[in-house]
Amino acid sequence: MNVTCRSLHDFLCDYFGGELCEESADGVKAHMASCPPCALLVQQYELTILIGKRLPLRPVPDRLLERLKQSLGQEQQ
Ligand SMILES: [Zn+2]
């Protein structure tokens, strides 16, 4: 599969979620091997996920929760 810089961005989430088919995952790896900027992007993405997993879990502040509910409610209307 021919992965371009643009399609790599679309695949990233599924790639890290392990939801990409083998052919696409191989395409992503092949593209990273030939495109240093994308390899760096993937590295940073991976690091961000790692850091995110290490952060302590805290309850969402009430104010933020209210705002989320409001914006979700507005989307459904
Ligand atoms: Zn690229």
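**Before going on**

This is a predicted model, in which local features need pLDDT of at least 70 and side-chain atom pairs count only at pLDDT 80 or more, while totals for chains, interfaces and linings use all residues. Residues are numbered from 1 along each chain as its sequence is written.

Colour the chain by pLDDT, the predictor's confidence in each residue, from 0 to 100. The chain has a mean pLDDT of 90, with 96% of its residues at 70 or more. Among the elements, helix 2 has the highest mean pLDDT (94) and helix 4 (residues 62–76) the lowest (87).

**The whole chain**

Show the cartoon. It contains four helices and zero strands, in the order α-α-α-α from the N terminus. Helices (H or I, at least four residues) and strands (E, at least two) are DSSP runs, numbered from the N terminus.

Along the principal axes, the C-alpha atoms fill a box of roughly 45 × 35 × 20 Å. The radius of gyration of the chain is 17 Å, whereas a compact globule of 77 residues would have one near 11 Å. That radius is taken over C-alpha atoms, and the globule rule is 2.2 Å times the number of residues to the power 0.38.

Of the 77 residues, 9% count as buried. A residue is buried if 20 or more other C-beta atoms lie within 10 Å of its own, exposed if 12 or fewer, and partly exposed in between, with C-beta atoms placed from the backbone.

**Stop 1: helix 1**

Select residues 5–17. Helix 1 has 13 residues and reaches 19 Å from its first C-alpha to its last, close to the 18 Å expected at 1.5 Å a residue. The expected span of a helix is 1.5 Å times one less than its number of residues.

**Stop 2: helix 2**

Select residues 22–34, the range of helix 2. Which residues of helix 2 are buried? They are Gly 27, Val 28 and His 31. Seen down the axis of helix 2, these buried residues fall within an arc of 100°, so they line one face of the helix; the arc is that of the directions from the helix axis to the C-beta atoms. The buried residues pack against helix 1 and helix 3 (36–54). Turn to the face directed away from the buried side to find the exposed residues Glu 22 and Ala 33.

Now centre on Val 28. Why does Val 28 count as buried? Val 28 is buried because 20 other C-beta atoms lie within 10 Å. Not counting residues up to four places away in sequence, Val 28 touches Val 3, Leu 8, Phe 11 and Tyr 15. Two residues are in contact if their C-beta atoms, placed from the backbone, lie within 7 Å. A C-alpha to C-alpha distance from Val 28 to Ala 39 gives 9.4 Å, for two residues eleven apart in sequence.

Ser 24 is also in helix 2. Ser 24 is partly exposed, with 18 other C-beta atoms within 10 Å. Beyond its neighbours within four places in sequence, Ser 24 is in contact with Met 1 and Phe 11.

**Stop 3: helix 3**

The 19 residues of helix 3 should span 27 Å at 1.5 Å a residue, and the end C-alpha atoms are 27 Å apart, which agrees. The number of buried residues in helix 3 is one, so the helix lies largely in the open.

Finish at Cys 38, in helix 3. Is Cys 38 buried or partly exposed? Cys 38 is partly exposed, with 19 other C-beta atoms within 10 Å. Its contacts, leaving aside neighbours within four places in sequence, are Cys 5, Leu 8, His 31 and Met 32. From Cys 38 back to Val 28, ten residues away in sequence, the C-alpha to C-alpha distance is 9.4 Å.
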